[in-house]
Amino acid sequence: MDIFISFLIGFVWYQVLSVFGASILLHKHYCHNQFKVPVWFESIGLFMLMILCVRSPIGWIASHRMHHTNSDGPGDPHAVSQVGFFKVLTTTWDVKNIPIKYAKDLFKNPRLVFCHRHWLKILIVISILSFLISPYFFLSFVAIPFILAKIGFGLLNTVGHKTPGGANVPWLNFFVAGEGWHRNHHDNFRRVRLHKWDISGYIAEKLFNNEIQTKQSS
């Protein structure tokens, strides 16, 4: 029963991390600059990203920008046609060279740079401390979100790209917090809310409505 509860709590906790850390901060804010966020939100979101183990957030953001520039073709760092289905599904692909133009602005952010340099240390410390609290706490707080994030990113880049230019796959939203409407995102990467059932887009609109309107009018 304790393990079942840990899995259930871990799944719910992962949804929080996925919405606020991965979708709103990492994807919508950092990758596509759809709106600005306050420092407190950014700091909490970066902590969430360390749990999800996106490794260097700068590397993730830059490779995602490359993905949009060269979607599903040569130069796309995680295109199945270029890397192979299994590597993309298991997120074991790697980028040997990222042109500086995709990351130049990111190195101006000291919080991003800190996480870029120390992401592994941060993850190890979080893991050890949570395990010392309780193995069940570690399972819910770190292990389950880590596993679900790996599954989510892998599915998004394979099933979410079963057709060139992305595909809308509603059930993916259980793993990627609204990003399952992936064709809508590729059709317009400035669009904050991808679908009426896009929960992360809805929350972003409610939290940062003034910033979004400023961006859209500029």
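In which helix is Glu42 found? Glu42 is found in helix H2, where helices (H or I, at least four residues) are DSSP runs numbered from the N terminus. This is a predicted model, in which local features need pLDDT of at least 70, side-chain atom pairs count only at pLDDT 80 or more, and totals for chains, interfaces and linings use all residues. Residues are numbered from 1 along each chain as its sequence is written, and side-chain values use heavy atoms, with hydrogens and water left out.

Glu42 counts as buried because its relative accessibility is 3%; buried means under 20% relative accessible area, exposed over 50%, and partly exposed in between (1.4 Å probe, protein chains only). Apart from its neighbours within four places in sequence, Glu42 is in contact with Leu25, Tyr30, Val37, Asn109 and Arg111, contact meaning heavy atoms within 4.5 Å. With one of these, Arg111, Glu42 forms a salt bridge whose closest N and O atoms are 2.8 Å apart. The term requires a side-chain nitrogen of Lys or Arg within 4 Å of a carboxyl oxygen of Asp or Glu. Arg111 lies in helix H6 (residues 110-133) and Glu42 in helix H2, so this pair ties together parts that are 69 residues apart in sequence. Arg111, at 30% relative accessibility, counts as partly exposed.

Helix H2 (residues 39-52) also packs against helix H7 (residues 135-158), at an angle of about 80° and with the axes 8 Å apart. That makes H2 roughly perpendicular to H7, a label for angles of 65 to 115 degrees. The axes are lines fitted to C-alpha atoms, for helices over the stretch in contact, and angles run from 0 to 180 degrees between N-to-C directions. On the H2 side the contact involves Phe47, Ile51 and Leu52, which meet Phe141, Val142, Pro145, Phe146 and Ala149 in H7. Of the residues in this contact, eight are nonpolar, none is polar and none is charged; Ala, Val, Leu, Ile, Met, Phe, Trp, Tyr, Cys and Pro count as nonpolar, Asp, Glu, Lys and Arg as charged, and the others, Gly among them, as polar.

Aromatic rings come next. The whole structure holds nine aromatic pairs. Rings of Phe, Tyr and Trp (its six-membered ring) pair if their centres lie within 6.5 Å; planes under 30 degrees apart count as stacked, over 60 as edge-to-face and the rest as tilted. The Phe35 and Phe208 rings are stacked because their centres are 5.0 Å apart and their planes are at 15°. Phe35 sits in the loop between helix H1 (2-31) and H2, and Phe208 in the loop between helix H10 (199-207) and helix H11 (209-217), 173 residues apart. Phe208 also forms an edge-to-face pair with Phe41, 5.2 Å centre to centre and 85° between the planes. Phe41 lies in helix H2, so this pair ties together parts that are 167 residues apart in sequence. Both Phe41 and Phe208 are buried. Phe20, Phe35, Trp40, Phe41 and Phe208 form one aromatic cluster.

Salt bridges number six in the whole structure. Asp187 forms one with Arg183, at 3.2 Å between the closest N and O atoms. Because they are four residues apart in helix H9 (residues 182-187), Asp187 and Arg183 are separated by about one helical turn. Lys28, Glu179 and Asp198 are linked in a network of salt bridges.

Key. Helices (H or I, at least four residues) and strands (E, at least two) are DSSP runs, numbered from the N terminus. Angles under 35 degrees count as roughly parallel, over 145 as roughly antiparallel, 65 to 115 as roughly perpendicular and the rest as oblique.
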